[in-house]
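Subject: Structure for you to look at

Hello,

Here is the structure I said I would pass on. Please open it and keep it in view while you read the notes.

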Amino acid sequence: MHKELFSNRCAVDLASNGTEGLEKLKQKTYEVIIMDLQMPDIDGYTGTRIIRQEMKISTPILTMTAHSIVGEKEKCLADGMNDFLSKPFKQEELFQKISDLMFNASDKLILEENNRTLLKKACLNKGTPKKE
């Protein structure tokens with residue numbers, strides 16, 4: 001997944017486990033957090049609880065999992081995650097979910113397949129990321 005984001009001009013920081021991800025959140029502000037439910041050392045549920053309750057960070061969280069269990073999406077949303085994506089997924093699905101979480105309705109996601117710029121923000125009004 002990170003290859004698709006890098007190749008499409010998205011700034012991406014990677015964490016090899018939940019603890020490393022939480023440390024990165026202490027040092028930097030992100031527009032979207034993409035979190036796997038099955039991370040080493042801290043699972044996605046615990047990570048989200050720490051982000052929301054202890055760190056008081058409201059950045060949108062997109063959760064991904066290979067386990068598409070009935071009720072999993074609802075549990076994720078109830079635990080403070082903002083959206084859910086089951087693996088495997090199509091690149092367009094990932095970019096659409098990121099766009100939905102990042103931008104207001106006045107912003108526009110442009111898919112430009114010809115030059116491989118798949119994620120580009122075009123401002124129609126303010127063009128500012130969502131604020132909670």
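Predicted model: local features only at pLDDT ≥ 70, side-chain atom pairs only at ≥ 80, totals over all residues.

Helix α2

Helix α2 spans residues 18-27, and its buried residues include Gly18, Gly21, Leu22 and Leu25. These four cover an arc of only 100° around the axis, so they sit on the same side of α2. What do the buried residues of α2 pack against? Their partners are β1 and α3. Lys26 and Gln27, on the other side of α2, are exposed.

Backbone angles

Most residues other than glycine have a negative phi, and most peptide bonds are trans. The residues below depart from that pattern.

- Asp41 is not a glycine, yet its phi is positive, about 75°. Asp41 belongs to the loop that runs between β1 (33-36) and α3 (44-54). Its relative accessibility is 53%, and because the cut-off for exposed is over 50%, Asp41 counts as exposed.
- Lys56 is not a glycine either, and has a positive phi of about 55°. Lys56 lies in the loop between α3 and β2 (61-65). With 64% relative accessibility, Lys56 also counts as exposed.
- The peptide bond from Lys87 to Pro88 is cis, and its omega is near -10°. Pro88 is in the loop between β3 (83-86) and α5 (91-102).

Regards

Definitions and conventions. Residues numbered from 1 in each chain as written. Heavy atoms only, no water. Helix = DSSP H or I, 4+ residues; strand = E, 2+ residues; numbered from the N terminus. Buried < 20%, exposed > 50% of the residue type's maximum accessible area, 1.4 Å probe, protein only. Arc of directions from axis to C-beta. Contact = heavy atoms within 4.5 Å.
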